[in-house]
Amino acid sequence: MTPPLLELIKTRTVLLDGAMGTELMARGLGMGTPPELWNAERPESVREVHAAYFEAGSDVVSTNSFGGTPLKLAAHGLQARAYELNRAAARLAREAAPAGRFVAGSMGPIGKFLEPQGPAKAAEFVAAYAEQARGLADGGVDVFLVETQYDLREALAAVHGAQSVSRLPVFVTMTFNSFPRGYFTLMGDPVARSVAELEKAGVAAAGANCTLTSRQMVGCVRALRSATALPIIAQANAGQPVIGPDGVVGYTQSLEDYVRFVPAIIQAGAGFIGGCCGTNPAFIRAMARAIQKERS
Amino acid sequence: MTKNELFPKMNEAIVAGDRAAARSLAEEAARSGLDLLEVIDQGYLPGIQRVGELWEQGEYFLPELISSAEAMKAAMSVIDPELHRMHVGSRMGGKVVIGTVEGDIHDIGKNLVASMLQAGGFEVIDLGADVKLERFIETAEAAGAGMICLSALLTTTMMNQRRLIGLLRDRGLRDKYKVLVGGAPASRKWAEEIGADGYAENAVAAVKLAKSMAGRP
């Protein structure tokens, strides 16, 4: 049986959510505290963010587990709690989800380089992602969302890790930068090779997130579309972070300017659309309206 | 081989990220009794510069940058002890203390800047990530460094770049150090606002900036 979310994407544009970390900071998450810890210590705040995104129109929210691999949590001495914190992350999103809406288990990069650029071995990454995926699956996610990947080898390790513990679909977003010759990750992975490899690994959807503004995302989605028949995910940044004279953090792309490019992103071929850094429930609400207009 | 034959080969070895070649060419230069400072300056450093250009043009990516920095390190592992024997310092750039500020565990960008600075002829003391602000100052003071480089990837932790400059001022040490800032949320404007000496957008720009701060071409 095809999972319901993969049925839904055949019929219409599916709306994801926006940023999580900044929403938690607005609720008091302090510097140096890993957001995943709040799945155990401040569950009501995490649930509240998910509820705000569902209320704004998200069909799918992603769990508060971006840095939840044991290897990443080890920086805070929390590696032994990876399973528990990921399962809690999934449960909180599940509890906030109205009937017929979905939960994606967020799996962000580990932050160490694989050999030969760094000390890490692919097998360690596979195991770390597997442990995270086990917690997320047991907590009740509908899909895994491997996100913000800058190294295709790590993305594939995450996919294999997830697949080793669960049969749930795996989505992957990679972070591309815009260059005169096209779109490439930090490690130089081009769009076409990235999606081809991901497709071969059996992912159910692939796409791009972070770094690119919604204006730049249009071209990146076009490049993705010409390289794959998979459903495409697009989650652009609202520009780059800047600190105003009052010390308040802002982003270079305003809500109006961000949403202006949503129709073009959909027309370019994105099926799953949502936000990344600098977005919030207000962005998602405006995107929901733009998608509605696009539909009618 | 004469230096006219060696230098282009050294350049090539760096651009290709070929550690073995970079090392054996350095050995050959040492055996032939060439001026090793000239070897660094005209044999290897132009290669690092070329790599920077290729990176800026979007032809090279992070893996190539790292390979080239590693090749440079391999060459220097031969040259440094030789120069040391002759009581000559190879690090014309001086000492640099670098780290990611307190509260921030992101170190990819910082690591890259550290290895490119090293490849560019600086003696780099890398304190790692989540570094207490006090430690930057203590280390710089103890080592006699001239530059402190601060990385921050989060909008929350970049405030610590401002704090470090405040700490230096409080101790009357502000003019003793050049303070450079970097990281995704930082910008030239931010550097100006907090009174830093400079900002670099990426590792290649950081080397250029550090060189100009150190008064090198």
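User: Which domains does the domain assignment give for chain B?
Analyst: This is a predicted model in which local features need pLDDT of at least 70 and side-chain atom pairs count only at pLDDT 80 or more, while totals for chains, interfaces and linings use all residues. Residues are numbered from 1 along each chain as its sequence is written, and chains are lettered from A and ligands numbered from 1 in the order in which they are written. With bounds from an automatic or database domain assignment, chain B has domain 1 (3-85) and domain 2 (95-213).

User: How many residues of domain 1 of chain B are in contact with domain 2 of chain B?
Analyst: Contact requires C-beta atoms, placed from the backbone, to lie within 7 Å. The centres of the two domains of chain B, taken over C-alpha atoms, are 26 Å apart. Domain 2 of chain B contributes 10 residues to the contact, and domain 1 of chain B contributes 12.

User: Are helix 2 and helix 4 of chain B roughly parallel or roughly antiparallel to each other?
Analyst: Helices are DSSP runs (H or I, at least four residues), numbered from the N terminus. The axes, lines fitted to C-alpha atoms over the stretch in contact, with angles from 0 to 180 degrees between N-to-C directions, come within 7 Å and cross at roughly 25° for helix 2 (residues 19-31) and helix 4 of chain B. Angles under 35 degrees count as roughly parallel and over 145 as roughly antiparallel, so helix 2 and helix 4 of chain B are roughly parallel.

Note on methods
Two residues are in contact if their C-beta atoms, placed from the backbone, lie within 7 Å. Helices (H or I, at least four residues) and strands (E, at least two) are DSSP runs, numbered from the N terminus. Angles under 35 degrees count as roughly parallel, over 145 as roughly antiparallel, 65 to 115 as roughly perpendicular and the rest as oblique.
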